[in-house]
Amino acid sequence: MRIGRVIGTVVATRKDEKLIGTKLMITQPLDLDLKPKGESLIAVDTVGAGIGELIVFVTGTASRIAARKMDSPIDASIVGIIDEVDINKSLLGNE
């Protein structure tokens, strides 16, 4: 699982039939300081996340399991909305 932020939505009137009924969100992966890390991606929303919210997302097979669509072309799914992040940075070993 990874941390990200929803930065937008995608509307696709034509898409693979196995994606019909899914909500597609543009997700920006974040590092532990909640700063952007890497390129944004499109994820299927399984929890009702909104633009600007911190989220937990998964990739690969876990994303298809979360969306309950094992035979679909999904490679990222939003599986949680984060209320709070508390990190003891002294335990990271690089400080």
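Which residue in E4 is the bridge partner of Ile3? In this predicted model, Val56 in E4 is the bridge partner of Ile3. With that pair in view, we can follow the strands around.

**The overall plan**

The protein has one helix and five strands. Starting at the N terminus, its elements come in the order β-β-β-β-α-β. The C-alpha atoms fill a box of roughly 50 × 25 × 25 Å along the principal axes.

**How the strands join**

The five strands form a closed barrel in the order E1-E2-E3-E5-E4, and the pairing is mixed. From one strand to the next, the twist averages 55°. Strands of a sheet pair through backbone hydrogen bonds, in either a parallel or an antiparallel way.

Look at E1, which covers residues 2-10. E1 runs antiparallel to E4 (residues 54-59), joined by four bridges. E1 also pairs with E2 (residues 23-29) in the antiparallel sense, over six bridges. Here are some of the bridge partners of residues that you can find in the model:

| Residue | Bridge partner | Strand of the partner |
|---|---|---|
| Ile3 | Val56 | E4 |
| Arg5 | Gln28 | E2 |
| Val10 | Leu24 | E2 |

**Inside the protein**

In soluble globular proteins, nonpolar side chains tend to be buried together. Here, the largest nonpolar core has eight residues: Val6, Met25, Ala43, Ala49, Ile55, Phe57, Ala76 and Ile78. E4 and E5 (76-81) each supply at least two residues of this core.

Leaving aside residues up to four places away in sequence, Ile55 touches several residues, including Arg2, Val6, Thr27, Ala49 and Ile78.

Is Thr27 buried or exposed? Thr27 counts as buried because its relative accessibility is 0%. This residue is found in strand E2. Among the residues that Thr27 touches, not counting those up to four places away in sequence, are Ser40, Leu41, Ala43, Ile55 and Phe57.

**The protein as a whole**

Now zoom back out. Of the 95 residues in the protein, 34% are buried. The protein exposes about 6,200 Å², and carbon and sulfur atoms supply 50% of that area. Among contacts with a separation of 6 or more, 53% are between residues 24 or more positions apart.

Note on methods. Residues numbered from 1 in each chain as written. Predicted model: local features only at pLDDT ≥ 70, side-chain atom pairs only at ≥ 80, totals over all residues. Heavy atoms only, no water. Pairing = 2+ DSSP bridges. Core = buried A, V, L, I, M, F, W, Y, C linked by side-chain atoms within 4.5 Å. Buried < 20%, exposed > 50% of the residue type's maximum accessible area, 1.4 Å probe, protein only. Contact = heavy atoms within 4.5 Å. Axes fitted to C-alpha atoms, helices over the stretch in contact; angles between N-to-C directions. Areas by Shrake-Rupley, 256 points an atom, 1.4 Å probe, with all protein chains shown as cover.
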